[in-house]
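Dear colleague,

Please find below the structure that I am handing over to you.

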Amino acid sequence: MVKGKATLALELPLPEEGTANTKQERAYQAIREAILNGLLQAEDRLPSTRALAQRWGVARGTLESVFERLQLEGYILRQVGSGSRVSAVMPDSYLKAVIDFGVTSTPIGEVPTSNPTESVRSETVHRAQVGMPFVARLANPQLMSPAEWAAHLQRAMAGMTPDQMCNAEPQGALALRQQIARYLRNHRGIACQAEHLLITNGIRHAIDLVARVVLQPGDHVVVEDPGYPAVHRIFAEAGASLVYAPIDEQGLDLSSVPEAVHCRLAYVTPAHQSPLGVIMSATRRLELLDWAQRQGGWIIEDDYDSEFNYHRAPLPALKAIDSVQRVVYCGSFNQALFSNLRLGYLMAPPQLHNQILALWHTVGRSVGVSEQLGLAAYMHGPAFLRHLRRARQEYLTLRDIVLDTLQKHAAGRYRISGEHAGFHLILWLTADQDQDLLIEAAAQVGIRLQPLRGYCRQNQLEPAFVLGFAALTHAQAKTASLKLAYLLQG
């Protein structure tokens, strides 16, 4: 059986030219799609990279990168001496949804009201702040050239027609939606066109719109624990009853959510879980999609900082494998460019798109056309991707300053996780350290330490801090890390 499956993988064709930009992407798609479509199943052995390289005419190093990416995403498991095997488990109902893709989904039935909204525990979460260690989990404003941004705004406004000045396009400026759709196709793996998108003020605005359309008072909403407190408050204000699902090394764990509890919505950050930084595994992603299909519920995917992965290209979005049309994808430019830009977007399944658009127009739009057209011009040329490359390198440098300084001066007094991407990392304390004393001592030397417990509700985790580093200078990162290292040493 294993031999037959390995042979099947070896016989897989590469996708045709044009479906991916590089041979690496084509090889990745061939293997991933075979797993998603059930051609390769859990425990099936994959051929060696050497054998596949000869079969496909692809460099072995390229396939090594593909296998590493598939392992990071949880599709395969690689072990020295045992080769590579498929590790993602495919729910039967998901496979059926893939086969039936294109059939209109069953309308969602009425959800009975449930218990009153659960209270959210009050634990201070420091507001992110530029230049303040270690709550500097914001886009670094020093990386954005005001003159370059102003030039694109000026050109956009100079070319603006009288119709554009007076008559707002219902979903947002077409020019911007076209650029975002191109970006999502090329960099997030999402089959997207301009007409699928709606321009918003940011991710929280998009989530609020979805909550207003989908939720009735008493509806259950699954949220991550630990998770993003501001979003939890949005759902609570909508009258929802929050169901806290714990995060482990594979991401959101739905096993603690009783099947009898009908949930209308789930909110997730699969690319870089907020705050733990875990990447949701392929198995958990498929379980989540299957769960939403069975529940007749929806998933909000918050893709808040996917551009900043320091080890490899950004991972595909959950929306990229959403064959069951249950995912509302939300993104923004507040992390990629600067935090007060207040421009975002959402992509909703057809059943929700028009309802969300109608609400957006009812409550009033507040995204200026000049900013939209300026951003479209910025994305059209090389400026946007050039900025992302520059920012990614700068954040990587800042992260390494923090890690190297702590390692040099406080080795063995902590452990790190979630450092592979994003604007922050998690520092876990050793058993002999007092978290509250460290917070107090850090404040005395100009450091704000944000305890992980402020993001937890029912999930009891070991003492740890969320360290934001992105909006610091090199000197600030070095000095603050040195102070923290001395505190950790006692």
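Which residue takes a positive phi just after helix 12? It is G364, with a phi of about 100°. Please bear in mind throughout that this is a predicted model.

Let me begin with helix 12 itself. This helix covers residues 350-363, which makes 14 residues. From its first C-alpha to its last it reaches 21 Å, close to the 20 Å expected at 1.5 Å a residue. Its buried residues are L352, H353, I356, L357, L359 and W360. Seen down the axis of helix 12, these buried residues fall within an arc of 165°, so they line one face of the helix. The face turned away from that buried side carries the exposed residues N354 and T362.

What covers the buried residues of helix 12? The cover includes helix 9 (203-214) and strand 4 (197-200), together with strand 9 (298-302), strand 10 (327-332) and strand 11 (344-347).

The pairings can be described one at a time. Strand 1 and strand 3 are joined over two bridges in the antiparallel sense, and L46 stands opposite S84 in strand 3. Strand 2 pairs with strand 3 (residues 83-86) over four bridges, also in the antiparallel sense, and here Q79 stands opposite G83. Strand 2 and strand 3 form a hairpin with three residues between them. In the turn of this hairpin, G81 has a positive phi of about 90°.

In a regular strand the side chains alternate between the two faces of the sheet.

Finally, a word on cysteines. A disulfide is a covalent bond between the sulfur atoms of two cysteines. The structure holds zero disulfides. C192 counts as buried because its relative accessibility is 0%, where the cut-off for buried is under 20%. C330 is buried too, with a relative accessible area of 0%.

With kind regards

Key. Residues are numbered from 1 along each chain as its sequence is written. This is a predicted model: local features need pLDDT of at least 70, side-chain atom pairs count only at pLDDT 80 or more; totals for chains, interfaces and linings use all residues. Side-chain values use heavy atoms; hydrogens and water are left out. The expected span of a helix is 1.5 Å times one less than its number of residues. Buried means under 20% relative accessible area, exposed over 50%, partly exposed in between (1.4 Å probe, protein chains only). The arc is that of the directions from the helix axis to the C-beta atoms. Contact means heavy atoms within 4.5 Å. A disulfide is a pair of cysteine sulfur atoms within 2.5 Å. Two strands pair if DSSP finds at least two bridges between them.
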